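Please look at the chain shown below, and keep its sequence at hand while you read. The report goes through a sheet, the disulfides and a pocket in turn.

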Amino acid sequence: MALSAATAPAPLAPAGKWVVDYQKDMCIASRAFGTTDNSTLFGIKPSISMDGDDHILFFVVPKSSGNEVRRGQAVITLQPSGQQLKIAYVSAVPKGTNVRGYEVYANAEFAAQLAQATAVSMKAGSDQLSFATGKVEPVLNALKACNESLLRSWGIDPAARASTPPGVSVAKWFPQDSYPAEAKRRGAQGRSVIVVTVSAAGRPTACRVILKADPDLDATTCRLAMRNGQFEAVEGKSDRYAVYAVRWELWDV
């Protein structure tokens, strides 16, 4: 949702270069801003899903007060366009640290606008930050190359992408009330990364776990994907693939 212009603080200058981290289960680009004694981190994490170009923006700032989990609406401003968007955020203080992290979900449309930005500002709650990022498009291109390399390391051709029909919400395939009882009893949490094989007719035919969280959580993730998965049919095509990362969390633990 576009918003009217608002005053933002002067952008923090970079304290180093952009770094793309090739991790075993994700790709992350980050850059430090500000001074060494009071640095702030701005990062971008693309979804490993082959069915979209979503990203998560994250900000790590020195903690000012409180350890509570916060949720609300963040205002993100992109320069030089001045485009503003209001997007949901979640914020928490990692255990044993003196920093607060913010995560903001950016859909494909927003990511396309982000690519043209040279500075990014965020206002979430009492925190208001601004970063002289430089042109973001090369960073997003590097993340795309990283993601494709990650998929190939799992034996998946990034071009063999299975798409969901318009209007289908993948999040609804994995409802929170489907948390396996045994895993909940044990307090098991984690992130399951799966690969779904899809037939030319658009039906899930197989599921394998790439990165494990917990046996019950992994099995449930595949079971739900096989039961609820909906994909577009493509004539004359062989098997295609879809990759999903599902984070199972117990908020009342």
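Three strands make up an open sheet with the order β11-β10-β12, and their pairing is antiparallel. Here helices (H or I, at least four residues) and strands (E, at least two) are DSSP runs numbered from the N terminus, and two strands pair if DSSP finds at least two bridges between them. The edge strands of this sheet are β11 and β12, each of which pairs on one side only. From one strand to the next the twist averages 25°, where axes are lines fitted to C-alpha atoms, for helices over the stretch in contact, and angles run from 0 to 180 degrees between N-to-C directions.

The model is predicted, and local features need a pLDDT of at least 70, while side-chain atom pairs count only at pLDDT 80 or more and totals for chains, interfaces and linings use all residues. Residues are numbered from 1 along each chain as its sequence is written, and side-chain values use heavy atoms, with hydrogens and water left out.

Strand β10 (residues 190-198) is mostly covered, since nine of its nine residues are buried; buried means under 20% relative accessible area, exposed over 50%, and partly exposed in between, with a 1.4 Å probe and protein chains only. Both faces of β10 are covered, with Gly190, Ser192, Ile194, Val196 and Val198 buried on one side and Arg191, Val193, Val195 and Thr197 buried on the other. Nine bridges join β10 to the antiparallel strand β12 (residues 240-248), and in this pairing Arg191 stands opposite Arg247 of β12. Six bridges join β10 to β11, again antiparallel, and Thr197 has Ala206 in β11 as its bridge partner. The hairpin of β10 and β11 has five residues between the strands, and in this hairpin Gly202 takes a positive phi near 90°.

**The disulfides**

A disulfide is a covalent bond between the sulfur atoms of two cysteines. The structure holds two disulfides (pairs of cysteine sulfur atoms within 2.5 Å), and they follow the pattern 1-2, 3-4, with bonded cysteines counted along the chain.

| Disulfide | S to S distance | Torsion about the S-S bond |
|---|---|---|
| Cys27 and Cys146 | 2.0 Å | about -90° |
| Cys207 and Cys222 | 2.0 Å | -75° |

The torsion of Cys27 and Cys146 is about -90°, so this disulfide is left-handed. The pair links distant parts of the chain, for Cys27 lies in strand β2 (residues 27-33) and Cys146 in helix α2 (residues 137-153), 119 residues apart. Both Cys27 and Cys146 are buried.

The link of Cys207 and Cys222 is left-handed, with -75° about its S-S bond. This pair also links distant parts of the chain, with Cys207 in strand β11 (residues 204-211) and Cys222 in helix α4 (residues 215-228), 15 residues apart. Cys207 is partly exposed because its relative accessible area is 24%, whereas Cys222 counts as buried at 11% relative accessibility.

**The largest pocket**

Which residues lie nearest the centre of the largest pocket? They are Lys45, Ile56, Glu103, Arg247 and Glu249, out of the 45 residues that line the pocket. On a 1 Å grid over the protein atoms alone, a pocket is an open set of points where a 1.4 Å probe fits, with protein on both sides within 12 Å along at least five of seven lines, and lining residues have an atom within 4 Å of a point. Strand β7 gives the most to the lining, with seven residues.
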